[in-house]
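Here is a briefing on one protein chain. Please keep the sequence and the model side by side while reading.

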Amino acid sequence: MEIEDVIIIGAGPGGMAAALQLKRYGIDPLVIEHNQIGGLLHNANLVENYPGFPGGIPGPKLVHLFEEQIQDYSIRITADSVGQIDHQDNYFIVSSQDQVYRSRFLVIASGTKPRQFSDINIPMDLQDRVFYEVYPLLDHKDQLIAVVGAGDAAFDYALNLGTENDVLVLNRSDQISCLPLLWERVIRVQRIKYLQNTKIKEISRSLAGKVELHCSTPNGSTSYEIDYLIGAIGRDPQLDFISGQFAKKAIQLESLGELYYVGDVVNGLYRQTAIAVGNGILTAMKIYERLQEKV
Ligand SMILES: Cc1cc2nc3c(=O)[nH]c(=O)nc-3n(C[C@H](O)[C@H](O)[C@H](O)COP(=O)(O)OP(=O)(O)OC[C@H]3O[C@@H](n4cnc5c(N)ncnc54)[C@H](O)[C@@H]3O)c2cc1C
């Protein structure tokens with residue numbers, strides 16, 4: 001039975017930073033990632049607040065640099081999806097569908113999951129046209145794409161898509177909650193149209209096989225035939241693998257310095273790359289300290 005010193009769930013910026021710092025101490029963590037290295041950063045149009053990149057850097061480019069660094073340090077990343085965690089006999093037991101991993105320390109850097117449309121039925125045959133992140137659509141051109149939301153993510157997605165596509169941003173109210181600079185950029189892009197007080201009531205398949213949005217507005221009902229729909233209506237911590245039973249043990253394990261949460265999964269509204277990276281480095285330093293004490 002192999003027991004890892006440290007398992008990190010998630011290879012987003014937080015998990016990667018923790019892994020890099022652990023490697024610098026000579027600790028060889030195992031990172032488990034079920035999607036792609038880089039996490040949510042794949043969706044970021046232009047990261048302007050990560051020091052070291054004057055003028056900003058597109059999220060995917062920053063991910064590419066992280067990946068190079070991960071390779072330089074020979075960090076072990078395994079492609080798997082954590083379904084459950086437990087702690088027994090002084091070890092964490094991290095399970096996926098086919099594997100069981102064990103470790104002395106556990107870092108949960110699993111980020112967030114998108115809130116899905118819950119009040120509208122999406123017909124089965126249109127589900128492949130509905131997304132909650134932008135990166136799967138980034139190579140599309142000359143499509144009509146509707147983005148639902150009024151926060152940073154919605155406007156960032158619109159900017160990302162709006163150079164090559166026509167974009168509708170649908171806001172069910174007249175309030176926006178994004179960075180002023182994103183709004184100022186959006187209104188300058190001709191291919192982006194912002195529609196306030198526009199609420200989707202129903203979604204159906206059009207005669208052409210596209211997505212037909214039936215919306216209510218203060219002036220009555222209106223319809224839009226679009227190619228793709230993206231929901232940007234909020235995100236919640238990704239902790240599906242934590243059972244009620246483990247949650248009870250978790251508080252004590254955290255206080256003992258054996259369990260750590262890093263990045264967006266625990267940062268509430270303060271979800272930023274530099275914060276996740278800082279959390280990751282700090283966590284690695286604390287784990288190193290704990291390991292020294294145990295020797
Ligand atoms: C549109 C957009 C624009 C943004 N712009 C900026 C910006 O300009 N500046 C900035 O600082 N930040 C920006 N961000 C935020 C930034 O992307 C996040 O703060 C950062 O990615 C958080 O890192 P993280 O490691 O905590 O989580 P994530 O990046 O979400 O990574 C979590 C990882 O865990 C993996 N995972 C989850 N569950 C499991 C499981 N059960 N098993 C295995 N793996 C799992 C996920 O696949 C993912 O790769 C933006 C985000 C978005 C959406």
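Which side chains meet in a salt bridge at 3.2 Å, N to O? They are those of Asp-28 and Arg-76. The model is predicted. The chain is divided into domain 1 (4-113 + 235-294) and domain 2 (124-231). The points below take the salt bridges, the domain interface, the aromatic pairs and the backbone in turn.

**Salt bridges**

- The structure holds 16 salt bridges.
- Another salt bridge joins the side chains of Glu-133 and Arg-235, with N to O at 3.5 Å.
- Side chains of opposite charge can pair when their charged atoms come close.

**Domain 1 against domain 2**

- The centres of the two domains, taken over C-alpha atoms, are separated by 32 Å.
- Domain 1 brings 9 residues to the contact, and domain 2 brings 11 residues.
- The size of an interface is often given as the accessible area lost when the parts come together.
- Here the area buried between domain 1 and domain 2 is about 780 Å².
- Carbon and sulfur atoms give 32% of that buried area.
- Which residues of domain 1 lose the most area to domain 2? They are Asn-43, Asn-45 and Glu-48, together giving 60% of what that side buries.
- The rule finds 2 salt bridges across this interface.
- It also finds 8 residue pairs in polar contact there, with both residues at pLDDT 80 or more.
- On the side of domain 1 that touches domain 2, the residues divide into 5 polar, 2 nonpolar and 2 charged.

**Aromatic pairs**

- The structure holds 8 aromatic pairs.
- One of them is Tyr-50 with Phe-66: the ring centres are 6.2 Å apart and the planes stand at 85°, so the pair is edge-to-face.
- Tyr-50 sits in the loop between β2 (30-33) and α2 (59-72), and Phe-66 sits in helix α2, so this pair ties together parts that are 16 residues apart in sequence.

- Where does Ser-74 lie? It is found in the loop between α2 and β3 (76-79).
- The phi of Ser-74 is positive, near 50°, in a residue other than glycine.
- Asp-89 is not a glycine, yet its phi is positive at about 50°.
- Asp-89 lies in the loop between β4 (84-88) and β5 (91-95).

Conventions. Residues numbered from 1 in each chain as written. Predicted model: local features only at pLDDT ≥ 70, side-chain atom pairs only at ≥ 80, totals over all residues. Heavy atoms only, no water. Domains from an automatic or database assignment. Contact = heavy atoms within 4.5 Å. Buried area = accessible area lost by both parts, 1.4 Å probe. Salt bridge = Lys/Arg side-chain N within 4 Å of Asp/Glu carboxyl O. Polar contact = N/O pair within 3.5 Å; in protein donor to acceptor, adjacent residues only side chain to side chain. Nonpolar A, V, L, I, M, F, W, Y, C, P; charged D, E, K, R; others polar. Phe/Tyr/Trp six-rings, centres within 6.5 Å; stacked < 30°, edge-to-face > 60°. Helix = DSSP H or I, 4+ residues; strand = E, 2+ residues; numbered from the N terminus.
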